[in-house]
Amino acid sequence: MKRVDLVRHLQQNGCVLLREGANHSVFVNRASRKSSAVPRHREINDLLARKICKDLDILQP
């Protein structure tokens, strides 16, 4: 899955960017008070994308 598509999916489901790190971007779901790091690779493994969505308590892409 492309990183751009995953970030778009996170934002559409209520997640916001908390901060930018050197290698990761940290997103937070304020409704459930959960956060997860998204790596800065162009392609993100589908299993990792599902884990990020599960960590943030949102629907999987």
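The model is a predicted one, and every value below was computed from it. Helix H1, covering residues 3-12, and helix H2, covering residues 46-55, have axes that come within 12 Å and cross at roughly 15 degrees. The structure holds 0 disulfides, and two residues other than glycine, arginine 33 and aspartate 57, have a positive phi.

**The pairing of H1 and H2**

- The axes of the two helices cross at roughly 15 degrees, and because angles under 35 degrees count as roughly parallel, H1 is described as roughly parallel to H2.
- The crossing of H1 and H2 is right-handed, and the contact is made on the H1 side by Leu6, His9 and Leu10, and on the H2 side by Ala49, Ile52 and Cys53.
- Sorted by class, the residues in the contact of H1 with H2 comprise 5 nonpolar and 1 polar, with no charged residues.

**Histidine 9**

- Histidine 9 lies in helix H1 and is one of the residues through which H1 makes its contact with H2.
- Histidine 9 has a relative accessibility of 15% and therefore counts as buried, the cut-off for that class being under 20% relative accessible area.
- When residues up to four places away in sequence are not counted, histidine 9 touches Cys53, Ile58, Leu59, Gln60 and Pro61.

- Cysteine 15 is in no disulfide, and the cysteine sulfur nearest to its own, that of cysteine 53, is 7.8 Å away; a disulfide would require a pair of cysteine sulfur atoms within 2.5 Å.
- Cysteine 53 is likewise in no disulfide, with the sulfur of cysteine 15 as the nearest cysteine sulfur, at 7.8 Å.
- Cysteine 15 is buried, with a relative accessible area of 2%, and cysteine 53, at 0% relative accessibility, also counts as buried.
- Cysteine 53 also belongs to the H2 side of the helix contact and is among the residues that histidine 9 touches.

**Residues in the strands**

- Serine 36 is found in strand E3, which covers residues 34-39, and at 8% relative accessibility this serine counts as buried.
- Leaving aside neighbours within four places in sequence, serine 36 is in contact with Ser25, Val26, Phe27, Ile52, Asp55 and Leu56; of these, Ile52 also takes part in the contact that H2 makes with H1.
- Arginine 19 and arginine 30 are 11 residues apart in sequence, and their C-alpha atoms are 14 Å apart in space.

**Positive phi outside glycine**

- Arginine 33 has a phi near 55 degrees, a positive value in a residue other than glycine, and is found in the loop between strand E2, residues 24-29, and strand E3.
- With a relative accessible area of 77%, arginine 33 is exposed.
- Aspartate 57 has a positive phi of about 60 degrees although it is not a glycine, and this aspartate lies in the segment after H2.
- Aspartate 57 is partly exposed, with a relative accessible area of 46%.

Methods
Residues are numbered from 1 along each chain as its sequence is written. This is a predicted model: local features need pLDDT of at least 70, side-chain atom pairs count only at pLDDT 80 or more; totals for chains, interfaces and linings use all residues. Side-chain values use heavy atoms; hydrogens and water are left out. Axes are lines fitted to C-alpha atoms, for helices over the stretch in contact, and angles run from 0 to 180 degrees between N-to-C directions. Helices (H or I, at least four residues) and strands (E, at least two) are DSSP runs, numbered from the N terminus. Angles under 35 degrees count as roughly parallel, over 145 as roughly antiparallel, 65 to 115 as roughly perpendicular and the rest as oblique. A crossing is left-handed if the near helix is turned anticlockwise from the far one by less than a right angle, and right-handed if clockwise. Contact means heavy atoms within 4.5 Å. Ala, Val, Leu, Ile, Met, Phe, Trp, Tyr, Cys and Pro count as nonpolar, Asp, Glu, Lys and Arg as charged, and the others, Gly among them, as polar. Buried means under 20% relative accessible area, exposed over 50%, partly exposed in between (1.4 Å probe, protein chains only).
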